[in-house]
Amino acid sequence: MTRAALMEVESELRRYAYARLPHQDAEDIVQDAFVRLYSRDARTGPIGNITAFLKRTVRNLLFDRYRAPRFLEYVPEEEISAIADEASSPERIMLGRQAWEAIAAELSRIPPKTLEMFLQHRFGAATCRELAQQHKLPRSTVHDQLRQVLERLTRAARPYLER
């Protein structure tokens, strides 16, 4: 991959990260992705698609950032064991499965091109502007379609998650 192509990918990764984090955190995430690229062990084999590797790495680092605790607080073991764990009750597990089934059913009813745009936007690095250019649609139309998909999925899952 040429230096110019890497710089273009870096710019795209920054835009993706800036949309989700403050600038300094986004810069750190993109830099970490390139560090991981350059520090890979040669024994793991070559990377077939460097752009995809970097996008996936940035996405995973963003997920890690969101999951990371903001602060840690010591709680005695007695207090922890006294807390009821409703998260893994059989009823909650069943409701979660029903919510996923409802979401999957709703996804199957979404037109393929709209679903593709939604997946590229939510799980890829595509912005509304990029999707509008790619699909030759006005940006407002792309934005409305993405919003409608999210609303449909939310409506499908809501009955199971509000109990």
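**View 1. Salt bridges in the predicted model.** This predicted model holds nine salt bridges. One of them joins D25 and R65, whose closest N and O atoms are 3.3 Å apart. D25 has a relative accessible area of 27%, so D25 is classed as partly exposed. R65, at 25% relative accessibility, is partly exposed as well. Salt bridges also link E10, R14 and E27 into a network.

View 2. Helix α8 covers residues 139–161 and contains both D144 and R147. The side chains of D144 and R147 form a salt bridge, with an N to O distance of 3.7 Å. D144 and R147 are three residues apart, which is about one turn of the helix. R147 also meets the side chain of E151 in a salt bridge, here with 3.1 Å from N to O. R147 and E151 are four residues apart in α8, again about one turn of the helix. Are these side chains buried or exposed, or something in between? D144 has a relative accessibility of 35% and is therefore partly exposed. R147 is partly exposed at 36%, and E151 is partly exposed at 34%.

View 3. Helix α1 consists of residues 3–18, and its axis comes within 11 Å of the axis of α3, crossing at roughly 25°. Angles under 35 degrees count as roughly parallel, so α1 is roughly parallel to α3. The crossing of α1 past α3 is right-handed. Helix α2, made of residues 23–38, also packs against α1; the two axes are 9 Å apart and the angle is about 140°. How are α1 and α2 oriented to each other? The two helices are oblique. The passage of α1 across α2 is a right-handed crossing.

**View 4. A nonpolar patch on the surface.** F63, Y66, L119 and F123 make up a nonpolar patch on the surface, and together they have about 390 Å² of accessible area. Which elements give two or more residues to the nonpolar patch? They are α3, residues 50–67, and α6, residues 112–123. F123 is one of the patch residues and lies in helix α6. The relative accessible area of F123 is 45%, so F123 counts as partly exposed.

**View 5. I103 in helix α5.** I103 is part of helix α5, which runs over residues 90–109. Why does I103 count as buried? Buried means under 20% relative accessible area, and I103 has a relative accessibility of 18%, so I103 counts as buried. I103 and R152 are 49 residues apart along the chain, yet their C-alpha atoms are separated by 8.6 Å.

**View 6. The whole chain.** How many helices and strands does the protein chain have? There are eight helices and zero strands. Read from the N terminus, the order of elements is α-α-α-α-α-α-α-α. The protein chain has 163 residues, of which 26% count as buried.

Note on methods. Residues numbered from 1 in each chain as written. Predicted model: local features only at pLDDT ≥ 70, side-chain atom pairs only at ≥ 80, totals over all residues. Heavy atoms only, no water. Patch = residues over 30% accessible without salt bridge, like charges linked within 9 Å, V, L, I, M, F, W, Y side chains within 5 Å. Areas by Shrake-Rupley, 256 points an atom, 1.4 Å probe, with all protein chains shown as cover. Salt bridge = Lys/Arg side-chain N within 4 Å of Asp/Glu carboxyl O. Buried < 20%, exposed > 50% of the residue type's maximum accessible area, 1.4 Å probe, protein only. Axes fitted to C-alpha atoms, helices over the stretch in contact; angles between N-to-C directions. Parallel < 35°, antiparallel > 145°, perpendicular 65-115°, else oblique. Left-handed = near helix turned anticlockwise from the far one by under 90°.
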